[in-house]
Amino acid sequence: MTTWTNWGLSVEANPARVEHPASTADVVAIVREAAAAGQKVKAIGAGHSFTAIGSTDGVLLHLARMHKILGWDMGAGRVRVQAGISLHDLNPILKRHGLAFPNLGDIDPQSIAGAVSTGTHGTGGDLHGISSAVVGVQLVTAGGDVLEIDEQHEFFGASGVTLGALGIITEITLQSVPAFHLHAREEPIALPEVLDRIDEHIEDNDHFEFYWFPHTDKALLKRNNRVAEGTEPRPVGRFKRWLDDEFLSNEGFDIINKFARRTPRLIPRINNLTASVLSAREYVDDSFNVFVSPRRVKFRESEFAVPRYALQDVLDDLRVWLDAGHERITFPIEVRFTAADDVWMSTGHERDNAYVAVHQYYKTDYREFFGVAESIFTEHEGRPHWGKIHTLDADYLRKRYARFDDFVAIRDQLDPTRLFSNAYLDRVLG
């Protein structure tokens with residue numbers, strides 16, 4: 001029996017078989033065969049979702065072989081790619097053609113289809129998630145048909161964030177922007193100082209986020225802004241990058257978490273020390289090199305989008321619970337921002353958001369902390385990231401998405417037998 005696990009080791013599945021298609025025609029053949037045999041079908045990329053959104057006991061399609069660039073429209077800045085290409089591979093290819101994504105998350109192993117389908121977003125008060133760069137999708141439906149959805153198609157609003165519920169995405173056309181450099185500024189700062197100037201930080205920076213160290217009043221502030229065309233890059237030095245991004249954020253942080261599991265009473269002091277040894281740094285580099293950081297310490301994550309005006313109350317409620325001593329948390333709480341978009345199932349649909357993400361080391365039981373955080377988020381109209389841990393169902397989510405029933409209606413048309421469903425989709429879509 002084949003066993004599949006996701007990156008965070010939070011989900012395990014036993015598919016009947018695993019297929020490795022290399023083309024849309026391969027996917028069509030596999031889908032038709034599975035449908036005839038009465039087997040479910042799910043596609044995965046890097047498996048970086050913490051939920052069971054890609055889990056199946058039927059046929060698992062691993063899209064890693066579908067990694068080709070299919071065409072360019074340089075005049076329009078558009079590129080058509082196969083669904084399995086990773087952001088890690090795609091970003092430098094875009095750069096060689098003088099192009100880039102306008103915004104990215106902070107990791108890049110995900111396949112483009114996985115990042116789009118689950119609503120990966122990044123940060124920027126006037127910017128959107130990756131799905132807003134999608135201008136065309138090729139989809140293999142439950143009937144084994146190939147459907148092309150462009151900006152004029154009636155299903156276009158549903159095609160940005162599909163949750164894998166409408167069919168198997170095989171090709172995507174993306175709208176890029178001219179390649180750009182970012183000036184990155186990172187500095188330790190007192191949390192109250194960040195919150196007192198939150199609107200200013202959002203308005204004055206292209207990309208702004210911060211990390212709050214639980215059980216302390218300390219934070220790490222990150223501001224990234226475009227520089228004038230022609231500005232020479234000044235990347236982080238090799239030793240400084242190794243020290244900050246490899247040793248302190250990965251090898252050293254893994255050691256800290258292993259130690260903290262044995263002595264949780266010391267976690268507040270550890271967090272204070274960790275935040276205190278951080279030093280400020282500035283550099284200029286390609287946008288994707290600034291956005292993306294290595295993340296090799298395994299963890300579990302829950303993240304919710306809440307209305308921006310609710311952020312202070314959300315953080316206050318989290319602080320009250322943490323200060324009561326219920327649990328000691330080593331991972332910083334991450335806060336990011338995006339603007340409202342028009343993608344039906346995007347967490348940013350028609351709403352400017354703050355995103356609050358909580359994490360736990362993968363060997364630590366996350367359920368109590370994430371459960372409390374979820375109850376706080378939902379009190380403030382929170383929308384869960386589709387690829388991160390939550391317990392919500394269709395009854396709750398229907399209230400948070402104005403086009404929820406429209407999306408489900410399209411699902412009914414394209415997959416009436418629920419060939420592409422699983423327990424997660426049954427819960428969140430009904």
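**Close-up views of a predicted model**

View A. Tyr361 is buried, at 1% relative accessible area (buried is under 20%, exposed over 50%, partly exposed in between, with a 1.4 Å probe and protein chains only). This is a predicted model, where local features need pLDDT of at least 70, side-chain atom pairs count only at pLDDT 80 or more, and totals for chains, interfaces and linings use all residues. Residues are numbered from 1 along each chain as its sequence is written, and side-chain values use heavy atoms, leaving out hydrogens and water. Rings of Phe, Tyr and Trp (its six-membered ring) pair if their centres lie within 6.5 Å; planes under 30 degrees apart are stacked, over 60 edge-to-face, the rest tilted. That rule gives 13 aromatic pairs. Tyr361 and Tyr362 make an edge-to-face one, 5.2 Å between centres and 70° between planes. Tyr362 is partly exposed at 22%. Tyr366 and Phe370 are tilted, because their planes meet at 40°, with centres 5.0 Å apart.

**View B. A ring cluster.** Here ring pairs tie together Trp7, Phe50, Phe253, Phe299 and Phe331.

**View C. Arginines over rings.** The charged end of Arg226 sits over the Phe180 ring, 3.7 Å from its centre (CZ of Arg or NZ of Lys within 6 Å of the ring centre and within 35 degrees of the ring normal). Arg383 does likewise with Tyr401, at 5.0 Å.

**View D. The buried side of helix 10.** Look for Leu311, Val314, Leu315, Leu318, Trp321 and Leu322, which are buried in helix 10 (helices are DSSP runs of H or I, at least four residues, numbered from the N terminus). Exposed Val320 and Asp323 sit on the face turned away from that buried side.

Definitions and conventions:
Helix = DSSP H or I, 4+ residues; strand = E, 2+ residues; numbered from the N terminus.
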